[in-house]
Amino acid sequence: MSYVQVDKASLSNVRLLLKGVQSEAPKILSRALNKTVAKGRTDVSSAVRKEVNLSASYVRSRLKISKANYKNLQARVSTPSRGILLSRFSTQANIRSENISWIKAPPTPPRGIKVKVSSGVGAKTFGGDSKTVGRPFYIALSNGRLGIAARRKTAGPKGGAVKVFHGPSLSQVFNNIIKDVSGPLAEYQEEQVSKQIDAVLRGF
């Protein structure tokens, strides 16, 4: 799992901003942190989708937020580390859909299975890897999801004869873009601290 975290020590200017309102610091900081982490999820989602070909709803649903409170002044956006099923990158809408529960896999297209993983690269016919033989095919998984698989040259570590393919995990993509979002989020956090101080001084 990868995450971006914002906390009370993230900015050198926070102490100066809080001067004179120290007694309200937990309220101010928790509000500012939660505003920042909410924006962080949006920013991370956008940055991830510039790297890989996934829908906004899919990415957003898998970016988890841990909010701050008065006793725990830190917040984070985290991502799962498990690789994404390669079928999620299919060029066919019904194959990449999460709204279908598959009991039986559909036939393999005559021209092969096409996927588009990277946002900046066109779709390609997937041909398996060095550990597999024959054409890849669709396979209905036990959880109702649809996978893309191929037969192994030799049995897998658990004796499996079939390999189900995965693309990059969100954590891998996240690690590539974290530097791009961290700086702007730090600035946004500072802005939010200032705004929340104003709100507290107005009695909110």
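This is a predicted model: local features need pLDDT of at least 70, side-chain atom pairs count only at pLDDT 80 or more; totals for chains, interfaces and linings use all residues.
Residues are numbered from 1 along each chain as its sequence is written. Local features need pLDDT of at least 70 and side-chain atom pairs pLDDT 80 or more, while totals for chains, interfaces and linings use all residues; side-chain values use heavy atoms, without hydrogens or water.

**Exercise 1.** Work out how helices α2 and α5 pack.

*Solution.* Start with the general idea: two packed helices are described by the angle between their axes and the distance between the axes. Next, find the helices (DSSP runs of H or I, at least four residues; strands are runs of E, at least two, and both are numbered from the N terminus). Helix α2 covers residues 25-51 and helix α5 residues 170-201. Their axes lie 7 Å apart, at an angle of about 150 degrees (lines fitted to C-alpha atoms over the stretch in contact, with angles from 0 to 180 degrees between N-to-C directions). The two helices are therefore roughly antiparallel (over 145 degrees). Finally, sort the residues of this contact: 18 are nonpolar, 5 polar and 6 charged (Ala, Val, Leu, Ile, Met, Phe, Trp, Tyr, Cys and Pro are nonpolar; Asp, Glu, Lys and Arg are charged; the others, Gly among them, are polar).

**Exercise 2.** Describe how strands β7 and β8 pair.

*Solution.* First, locate β7 at residues 132-140 and β8 at residues 146-152. They pair in the antiparallel sense over 6 bridges (pairing takes at least two DSSP bridges).

Key:
Angles under 35 degrees count as roughly parallel, over 145 as roughly antiparallel, 65 to 115 as roughly perpendicular and the rest as oblique.
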